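Please work through each task before reading its solution.

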Amino acid sequence: MPSLYPNPTVQAFLDDLDENVVFKDVWSGMSLDGVPYHDIHIDFINPVTGSVDQAQFELSDSYDLLRIFYVIDSNKVKPQEELEMESLDDLYDFILIEE
């Protein structure tokens, strides 16, 4: 599969959750400090719980990974907590927890 995103962590996540991905959105902007950035939000069906969750990848202007967030049950109306992950493996561990 050809790389759709210039960051290997984001591409690995997309490859791993392939058929579970339901929505992708990419934003580019400028932080309050004047630093350019990219945000990639990926909604996916959690293979364990069946809920629609979201992974958020914050990237630098050169697409280096800055931070990863996980939002459980992101399709609910009420605001959800964003859990910051240390790595892609940490994100996978949280996704696979049965709640």
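The secondary structure of the chain comprises two helices and five strands, where helices (H or I, at least four residues) and strands (E, at least two) are DSSP runs numbered from the N terminus. This is a predicted model, in which local features need pLDDT of at least 70, side-chain atom pairs count only at pLDDT 80 or more, and totals for chains, interfaces and linings use all residues. Residues are numbered from 1 along each chain as its sequence is written, and side-chain values use heavy atoms, with hydrogens and water left out.

**Exercise 1.** State which pattern the chain follows along the sequence.

Solution. Reading along the sequence gives α-β-β-β-β-β-α.

**Exercise 2.** Identify which residues touch the most other members of the largest nonpolar core, and which elements give two or more residues to this core.

Solution. A nonpolar core is a set of buried (under 20% relative accessible area, 1.4 Å probe, protein chains only) Ala, Val, Leu, Ile, Met, Phe, Trp, Tyr and Cys residues joined through side-chain atoms within 4.5 Å. Among the 18 residues of the core, Val-10, Phe-13, Ile-42, Phe-44, Phe-57, Leu-91 and Ile-95 touch the most other members. Two or more residues each come from helix H1 (8-17), E2, strand E3 (52-60), strand E4 (65-71) and helix H2 (88-95).

**Exercise 3.** Determine whether Ile-45 is buried, partly exposed or exposed.

Solution. First, Ile-45 is located in strand E2 (residues 36-45). Its relative accessibility is 34%, so Ile-45 counts as partly exposed, the class between buried and exposed (over 50%).
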